[in-house]
Amino acid sequence: MFGLEALDLARIQFAFTISFHILFPAITIGLASYLAVLEGLWLKTHNDTYRDLYHFWSKIFAVNFGMGVVSGLVMAYQFGTNWSRFSDFAGAVTGPLLTYEVLTAFFLEAGFLGVMLFGWNKVGRGLHFFSTVMVAIGTLISTFWILASNSWMQTPQGFEIVNGQVIPTDWLAIIFNPSFPYRLMHMATAAFVATAFFVGSSAAWHLLRGKDNPAIRTMLSMAMWMALIVAPIQAVIGDFHGLNTLEHQPAKIAAIEGHWENKGDEATPLILFGWPDMKEERTKFAVEIPYLGSLILTHSLDKQVPALKEFPPEDRPNSTIVFWSFRVMVGLGFLMIFTGLWSLWLRKRDTLYTSRPFLYLALWMGPSGLIAILAGWFTTEIGRQPWVVYGLMRTADASSNHSFMQMSITLIMFVVVYFALFGAGLGYMMRLVRKGPKISEGAETPDGGPGKKRTPARPLSAADDSADADHGDDDIRVTKEI
């Protein structure tokens, strides 16, 4: 079917499951730190707005955290079922790294998550805040170990091969491999940016419906400050990451740029748009800017970037895919920077919360961070091909010996179950967002803080049908305006 083989279906299945999974940890990482900041600000200022936002986003965090855990377990099993040869070859490295993630990050998160979600009226303020901070740190530690494992597959170090298996010889070299620092910073920052636009989009949606209160304004303000500061930082990190990739994975850079051959001593141009053709070995309809490729990728005007024709055809990544996935990521990054700058301009004019064109932009930018993460992940993983462990093991040699029929059935099952299960979860999470934060009325309120009675923190009790009914007319009005 469509010229696909069992190996192709195994790759599609893993890409499908990881595409679902990566969205949840990204939001979990950002929301956990956001919650820690909100509770810290509430403890410092005693401003009830921060507490109200904490209760609101903690429910969304809980649902998102649960879906992330479930989707992650499925991926772990695939290493044994669909990629057993890879596990046999590199399991001595990847196995311990994933185990360290469970023993440190997951246990830390699990140990304090219950106190964070259900201990608001049962423990003191200091202990509750400590629990929130520990959960936030746990998400970052989890990112550390996952990225260490994946980065080792990109730039393997600290090992020797004995009897066809990777044997660790230097764990520090394995963990802190050449690409790890850049990939860790890039992914963690991407999670913060994605969360900022998710939060900002939620606030914009409520403001467009006419729901204007201090909590909604605080959501938008904090999100836009994060976008203004972190989005440009992400661009700088991406530049350093690109230089590192050029050093260690030049074929990936050549594929990303759609750059097929160098001409004499000419500097490498930057191809803005085009269509890389793997069969004809050229980029059709190329729109180029002379010298800019060399300037961006080598920080000089005369150095050349390695070209795809310098590598054997069997060692070339699919330039058609990574060329465009990279440009989707970068294009969205520029839009994020623009959104942050526009918010600053509106803030100075005191129209940040009333400018409808900006609010519509902020609304539609809500999923931009997650889309950029997916595009970047596709660029990274497809750009590594045809290697599963770069330079050591090809993807074709890593898969299990399954038939085309077996992989077809399991892929269809994954698609159906994932869309049904996680589609319902995402739908429920959006209902929570639509309901908005509950606003306290006065200082003496049932939601007074740890040790006092309050509305239950159970995520599944947070959304009800009234959330849709109360604002039905507003929904119709905003939909028409869009």
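In this predicted model, helix 1 and helix 6 lie roughly perpendicular to each other, because an angle of 65 to 115 degrees counts as such. The angle at which helix 1 (residues 6-45) packs against helix 6 is about 80°, and the two axes are 8 Å apart. On the side of helix 1, the contact is made by Ile-22, Ala-26, Ile-27, Ile-29, Gly-30, Leu-31, Ser-33 and Tyr-34. Helix 6 answers with Met-187, Ala-191, Phe-192, Ala-194, Thr-195, Phe-198 and Val-199. Sorted by class, the residues of this contact comprise twelve nonpolar and three polar ones, with no charged residue.

Two packed helices are described by the angle between their axes and the distance between the axes. For helix 4 and helix 12, the angle is about 40° and the axes are 10 Å apart. These two helices are therefore oblique to each other. Here Asn-150, Met-153 and Gln-154 of helix 4 meet Trp-377, Thr-380, Glu-381 and Arg-384 of helix 12. The contact of helix 4 with helix 12 divides into two nonpolar, three polar and two charged residues.

By class, the lining of the second largest pocket holds 25 nonpolar residues, 17 polar residues and five charged residues.

Strand 1 (residues 159-162) pairs with strand 2 (residues 165-168) in the antiparallel sense, over four bridges. Within this pairing, Val-162 stands opposite Gln-165 of strand 2. Two residues separate the strands of this hairpin, and Asn-163 in the turn has a positive phi of about 55°.

Ile-271 stands opposite Glu-288 in strand 4. The hairpin of strand 3 and strand 4 has four residues between its strands, and Glu-281 in the turn has a positive phi of about 55°.

A few details of the backbone complete the picture. Most residues other than glycine have a negative phi, and most peptide bonds are trans. Phe-285, which is found in strand 4, has a phi near 55°, a positive value in a residue other than glycine. The peptide bond from Gln-385 to Pro-386 is cis, with omega near 10°. Pro-386 has its place in the loop between helix 12 and strand 5 (387-389).

Methods:
Residues are numbered from 1 along each chain as its sequence is written. This is a predicted model: local features need pLDDT of at least 70, side-chain atom pairs count only at pLDDT 80 or more; totals for chains, interfaces and linings use all residues. Side-chain values use heavy atoms; hydrogens and water are left out. Ala, Val, Leu, Ile, Met, Phe, Trp, Tyr, Cys and Pro count as nonpolar, Asp, Glu, Lys and Arg as charged, and the others, Gly among them, as polar. Two strands pair if DSSP finds at least two bridges between them. Axes are lines fitted to C-alpha atoms, for helices over the stretch in contact, and angles run from 0 to 180 degrees between N-to-C directions. Angles under 35 degrees count as roughly parallel, over 145 as roughly antiparallel, 65 to 115 as roughly perpendicular and the rest as oblique. Contact means heavy atoms within 4.5 Å.
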